[in-house]
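Dear colleague,

I am handing over the structure below, and after it you will find some notes on a few of its local features. Please read them alongside the coordinates.

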Amino acid sequence: MKLRENKFKGKLNKLAEKLNKSIDIDKRLVFYDIEGSLAHCKMLFKQNIINEADYKNITEGLIEIKNDLLNGKLKVDESFEDIHSYIEGELTKRKGESGKKIHTARSRNDQVAVDMKMYCKDKNKEIIKLLKNLIENIIIIGQKNLNTIMPGYTHLQIAQPVTFSHYILSYAQMFLRDIKRLKNSYDLMDENPLGSCALSTTTYNIDRFMTSELLNFKKPTENSMDSVSDRDYVIEMSFCIAMIMMHLSRFCEEIILYSSNEFKFIKLSDEFTTGSSIMPQKKNPDMAELIRGKSARCYGNLISLLTMMKALPMTYAKDMQEDKEILFDSIDTAQISIEVFSSMISSMQINKERMKENALEGFINATDLADYLVKKNMPFRDAYRIVGEIVHDAMEKNLKLNDIKLSDYKKYSKLFDEDLYSAIDLNNIVEQRKVYGSPQKDFVKIQIDNLKNEVKNI
């Protein structure tokens, strides 16, 4: 039975009915709806709002429906308007008058809110688990590449030498912040809206603290109007995902670059690349490109949610029905993207020789050559000017800084001595950066230990 049949004489237009239905989307919430209904029923019985016979019938019916759905004996009937009306309809079909009592002291407004919050809480935890696994995989790669010298870039131009360990751990820091954002989001959404009903609670003597405990919420929400109109948790979840996808996209961009023939820093496994339909030599980083591309749809989903909510008056409006498809898409996209990405980087090969070779290009040790002079009491701006001249002349002669003779160096400044070659050696450059947070090996080890402890305590 459709919910409108008892109060409207005219039938709903077929196209309007199609537009109005959401069960094809919100059927994903079926088990959360059953869980919420079981808690609601137990509370109704405890508060003497329904009798024991009805409590047992409803509970038995809901458990039967859950088990039949799990083992495939039952499929969601998509002729119903939404998942809430389907569960109530199926329960009533099985348990008769008792089934009709499940909606006492409840509205679909608070019902969908509690379903969505339970769903978001679970997905929040799942994504955190995936991110933890990704960080652990990054740590493993970092531990293996403490001495792998590579060029660091600014403006995508060779800047200063770093290690591949320090480089890849920079992304672990991003994903760690993503986890912290998700945990904060979880804490904010961990309040139970059930019992708020349509918008102003009910005259029944319900116990919202009981359902909060049964459904594993830390407390009931404070304001019934806010409870049914709040979609902050949906938007924040979508924002957290957009941030995750942005970080993945940046990483993917570099994987695409670094796996190219021009860089050859890494080699991706055949499991995560595809070929060309006409060019047999091609090995395309399609998984990285797809993840990079999918970040855009997650951005779009976030903007859609913000736009949907920006002008809604209190309290519930049908517009909010649109939140589910958008959020579900972002969650699905994030989960498969993190999983694929984690496996992709775990299986990639690191070309250490090529990285070191590229690090020697582009006068990457010019800053350290200037610092060499500064440490001999030359003002930095004077040192900067002199090294600029040296670099200019070396480019004209197609020389690296390490190839210039000491006698030629002394033409620029008498402060240059034999020890300059040690000062501009790439390994020494990295190892002399004895600053917390630097690419120096000991401090990278500290970073790794700190990451391990952070992940362990999440």
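Helices (H or I, at least four residues) and strands (E, at least two) are DSSP runs, numbered from the N terminus, and two strands pair if DSSP finds at least two bridges between them. This is a predicted model, in which local features need pLDDT of at least 70 and side-chain atom pairs count only at pLDDT 80 or more, while totals for chains, interfaces and linings use all residues. Residues are numbered from 1 along each chain as its sequence is written, and side-chain values use heavy atoms, with hydrogens and water left out.

Strands E1 (residues 149-154) and E2 (residues 157-163) form a hairpin with two residues between them, and His155 in the turn has a positive phi of about 55°. Their pairing is antiparallel and runs over six bridges, with Gln160 in E2 as the bridge partner of Gly152.

Arg433 itself is found in the loop between helix H18 (426-431) and helix H19 (441-456).

Arg28, in the loop between helix H2 (23-26) and helix H3 (30-46), touches Tyr119, Phe328 and Asp332, not counting residues up to four places away in sequence. Its side chain makes polar contacts (N or O atoms within 3.5 Å, one able to donate a hydrogen and the other to accept it, and residues adjacent in sequence counting only if both atoms are side-chain atoms) with the side chains of Tyr119, at 3.1 Å, and Asp332, at 2.8 Å.

Best regards

Key: Contact = heavy atoms within 4.5 Å.
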